[in-house]
Amino acid sequence: QSPLIPVKAKLILSISLASWLTMPLTTSNVFLSQMYPMSISPTVDFLLSFIGGMGLYMYIFGYIKQFPIHRYSWIRSVFSVLEIIIASTLSIVVENLAVISMWGGDWYDFYIVEKDNQVESAEETV
């Protein structure tokens with residue numbers, strides 16, 4: 001609602017929020033499509049597969065960029081791949097739970113955390 005934020009930025013943030021809020025529906029499609037195979041249209045099937053694949057790719061790419069895997073030994077690289085799979089799965093589950101809890105939560109309640117970070121001067125520590 002702020003006039004200081006450009007309309008383009010508001011649109012992109014709105015799309016991002018909408019995709020985040022519908023993430024549990026997209027994630028559940030992985031299991032539901034296996035149990036109840038149904039095709040709406042090839043275009044919709046392609047778009048759903050593409051969005052899901054890109055999301056999974058971005059999770060894995062983010063974890064790979066986080067660690068210098070090219071410097072690891074072979075066994076450490078295998079453990080890194082296992083860590084990526086476990087961490088991605090856990091992250092997806094936790095994010096879905098956060099979105100589901102947000103569906104029924106209060107969107108306008110903010111928690112203000114006061115941090116008393118006072119920098120001690122060099123004179124006081126000597």
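**Entry 1: the largest pocket**

I looked up the largest pocket and noted about 1,300 Å³ of space in it. The model is predicted, and I read every value here as computed from it. The lining of this pocket has 37 residues. Closest to the centre of the pocket I found Met23, Thr26, Thr27, Val30 and Gly52.

The largest share comes from helix 2, with 11 residues. I also sorted the lining by residue type: 21 residues are nonpolar, 14 are polar and two are charged.

**Entry 2: Asn96**

I went to Asn96 next and found it in helix 4. Is Asn96 buried or exposed? Its relative accessibility is 10%, and the cut-off for buried is under 20%, so Asn96 counts as buried.

I listed what Asn96 touches, leaving out residues up to four places away in sequence. The list holds Met23, Pro24 and Thr27. Two names on it, Met23 and Thr27, I had already written down among the residues closest to the centre of the largest pocket.

**Entry 3: the chain as a whole**

I looked up the elements of the chain and found five helices and zero strands. Read from the N terminus on, the order is α-α-α-α-α.

The chain has 126 residues, and buried residues make up 11% of them. Asn96 belongs to that buried group, at 10% relative accessibility. For the surface I noted that the chain exposes about 11,300 Å². Carbon and sulfur atoms supply 69% of that area.

I also checked how far apart in sequence the contacting residues are. Taking contacts between residues at least 6 apart, I noted that 68% join residues at least 24 apart.

**Entry 4: an aromatic pair**

How many aromatic pairs does the chain have? The count comes to one. The pair is Phe46 and Phe50, with ring centres 5.9 Å apart and planes at 20 degrees. Planes under 30 degrees apart count as stacked, so this pair is stacked.

I looked up where the two residues sit. Both are in helix 3, and because they are four residues apart there, about one helical turn separates Phe46 from Phe50.

Last, I compared each residue with the accessibility cut-offs. Phe46 has 54% relative accessibility, which is over 50%, so Phe46 counts as exposed. Phe50 has 45%, which lies between the cut-offs of 20% and 50%, so Phe50 counts as partly exposed.

Definitions and conventions:
Residues are numbered from 1 along each chain as its sequence is written. This is a predicted model: local features need pLDDT of at least 70, side-chain atom pairs count only at pLDDT 80 or more; totals for chains, interfaces and linings use all residues. Side-chain values use heavy atoms; hydrogens and water are left out. On a 1 Å grid over the protein atoms alone, a cavity is a set of points where a 1.4 Å probe fits but cannot get out, and a pocket is an open set with protein on both sides within 12 Å along at least five of seven lines; lining residues have an atom within 4 Å of a point. Grid points are joined across faces, edges and corners, and a volume is the space filled by probe spheres set on the points. Helices (H or I, at least four residues) and strands (E, at least two) are DSSP runs, numbered from the N terminus. Ala, Val, Leu, Ile, Met, Phe, Trp, Tyr, Cys and Pro count as nonpolar, Asp, Glu, Lys and Arg as charged, and the others, Gly among them, as polar. Buried means under 20% relative accessible area, exposed over 50%, partly exposed in between (1.4 Å probe, protein chains only). Contact means heavy atoms within 4.5 Å. Accessible areas come from the Shrake-Rupley method with a 1.4 Å probe; for residues, only the protein chains shown count as cover. Rings of Phe, Tyr and Trp (its six-membered ring) pair if their centres lie within 6.5 Å; planes under 30 degrees apart count as stacked, over 60 as edge-to-face and the rest as tilted.
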